Amino acid sequence: MKNLWNDAEAEKLVAHYAEKGVGRDLALRVYTTRLLGGDPRLVLHGGGNTSVKTKATDLIGDEWDVLCVKGSGWDMGVIEPQGLPAVKLGALLKARKLEKLSDEDMVALQRVNLLDPSSPNPSVETLLHAFLPHKFVDHTHSTAVLGLVDQDDSEEICRKVYGDTFGFVPYIMPGFDLAKAAAEVFERDTSVIGLILDKHGIFTFGDDARQAYTRMIDAVTKAEEFIAAGRQPRPAAIALPAKVAAAAEIASTIRGAVAVDKGEGRFDRMISDFRVSETILDFLASSKLGELAGRGVSTPDLSIRIKTGPMALPAPEAGKLGDYRNVVKEHVAAFAKDYRAYFETNDALDDVKRTMLDQMPRLSLVPGVGMFGHGRTLKDAKIASDVGEMWIEAVKGAEAIGDFRPLSKADLFPLEYWSLEQAKLASSKPKPLTGQVMLVTGGAGAIGAATAKLFADYGAHVVVVDLDADKAAEAAKKAGNASIGVGADITDPAQVRTAFDRAVAVYGGVDILVSNAGAAWEGRIGEIDDALLRKSFELNFFAHQTAAQNAVRVMLEQGTGGALLFNTSKQAVNPGPKFGAYGLPKAATLFLSRQYALDYGADGIRSNAVNADRIRSGLLTDAMIASRSGARGLSEKDYMSGNLLGQEVTAHDVAQAFLHHALADRTTADVTTVDGGNIAAALR
């Protein structure tokens, strides 16, 4: 592993923070923390922690000896000084004399001694940092070091690699007990430059930032070199089908299978992130894959990300995807059954009241295809995939020198169901559409963009489809929530298929279609050109059918239902003069929505329509408003507010109607009119 320390860069950061009143000690602590946090082989998504013992002044000017330690929620790769809150060191050291200290009391002790009460909670390993006398202390979950400690004879292996330069700490769950045990190991031999924590990771320390960091890099490098010299024979590779199905062919099936079934046709859905590389495929080809996956996570904190470990699936054979869907369901059911048994067995060992987490895997390994990370958001799914890649790295290392034997699941349970983590989860409330994927056509227009933004605000990831790819990307960016834009001519079935394929590639599937795109042409129906009428039908009817067909295809693969939402316009039931070329295909689309409701209701797929009227948009432009108001003998203002409420209706009002239908999971074959009130357009 390369040592990235650079004197010039370090001093540049010290000078930068000096201008902001941050001292040299803390600035260098930020510098090396970022160096460690920038390498996923050392630190991943909030893992690891660092500290520095220094002096700081409180709000009334008193100076204290403090421990600046990584705060909860901060990523070491991008940490700022405020991510290393200062805790009064004296109070922490006094805790060493205690015989017991609960996790809750430990958190309280740390918080009450913060110099700034608005700071984040200090790391759960704060006391371990405090009890070691060194000025700078670094902690990582190096995959190479995990390869050494995830063994039955881990201490013997570590002695081979490090001799007496590192102390060895048997596994203890992070907290007060681990802090005391680690301090005692150090005090038995104060010449050590670090500590190896069995099944957990590595600590190094030093008198300055560079020394502690360099010791970490050197120690990890020794572990890497030891693993590289390993001569364990590789297990035989499995035989793959003659033709393996592509990831796109199974992604929606897997995503649907890992959705949490809440009963009565309701699901908490997951987003899926697909990863593939030569390294991943090589590892997944092992005949030991299922066995290794079943042994668990490479370091205990990963249980928060991927539960008790990955789920291994068989390779899918092209042309036999119907059979594969059943195989996937069987494997997910077996994973869930094992997880329930894991929870019930370990939960029964004490009187603590716990709520079982969902039983779905967060990482699916598919030989010949790749790896799928699952999470309630795209961010969570990507984190699961990142963890999966590092899990593979650690397992490969362990297998190269011995036999991958991580922490037992019985010992893992107290961490996964840690009271501190349970409290954190309880305070996290998902939004109504969290875990769902919505695709909207005409997404860069007024109605489409407003709908994309509203659905993203409610938790959905949105695929904004528009003829103009740049405008689609802009609308997706404004919508937020990791939404994406896709350019497509929706009158071209191949381009529509590509747009849905993109949704599957990024998120794993589609749950909601808002089929919104349209355009209007004027003229008396008996005089309009046939080619123009056919063009209108292509966009205002057949494009809706093509989009709905693709959505249903994906939804059936997922098996978790879905929602088809059509923008059919008031013209579908109340035609206007010289607007037949638009109204006729819209009327057909209205009945198309009902046909989908009839044909796919048994599959849990709902189909509803929104009849909107007089919405300022790319369809109803200023020029068309002038034309339509003139055709009716009205002023433009009276035309736009010509309804029972006397109010202009906006694109956001239409978006609210689409949202209503997305959330109304017991409503199908319905039509909602959004026009401010027009008796002539009212359905009966």
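**Helix contact and cavities**

Analyst: In α10, S252, T253, R255, G256 and A257 meet V554, E557 and Q558 of α21. Contact means heavy atoms within 4.5 Å. Helices are DSSP runs (H or I, at least four residues), numbered from the N terminus. The model is predicted: local features need pLDDT of at least 70, side-chain atom pairs 80 or more, while totals for chains, interfaces and linings use all residues. Residues count from 1 along each chain as its sequence is written, and side-chain values use heavy atoms, without hydrogens or water.

User: Why is α10 called oblique to α21?

Analyst: The axes of α10 (residues 247-257) and α21 (residues 530-558) cross at roughly 50° and come within 7 Å. Axes are lines fitted to C-alpha atoms over the stretch in contact, with angles from 0 to 180 degrees between N-to-C directions. Under 35 degrees is roughly parallel, over 145 roughly antiparallel, 65 to 115 roughly perpendicular, and the rest oblique. So α10 is oblique to α21.

User: What makes a space a cavity, and how many are found?

Analyst: On a 1 Å grid over the protein atoms alone, a 1.4 Å probe fits but cannot get out; lining residues have an atom within 4 Å of a point. Six cavities of 30 Å³ or more are found in the whole structure.

User: Which residues are closest to the centre of the largest cavity?

Analyst: L44, H141, T299, L302 and M390, of 15 lining residues. The largest share, three residues, comes from α15.

Methods:
On a 1 Å grid over the protein atoms alone, a cavity is a set of points where a 1.4 Å probe fits but cannot get out, and a pocket is an open set with protein on both sides within 12 Å along at least five of seven lines; lining residues have an atom within 4 Å of a point. Grid points are joined across faces, edges and corners, and a volume is the space filled by probe spheres set on the points. Helices (H or I, at least four residues) and strands (E, at least two) are DSSP runs, numbered from the N terminus.
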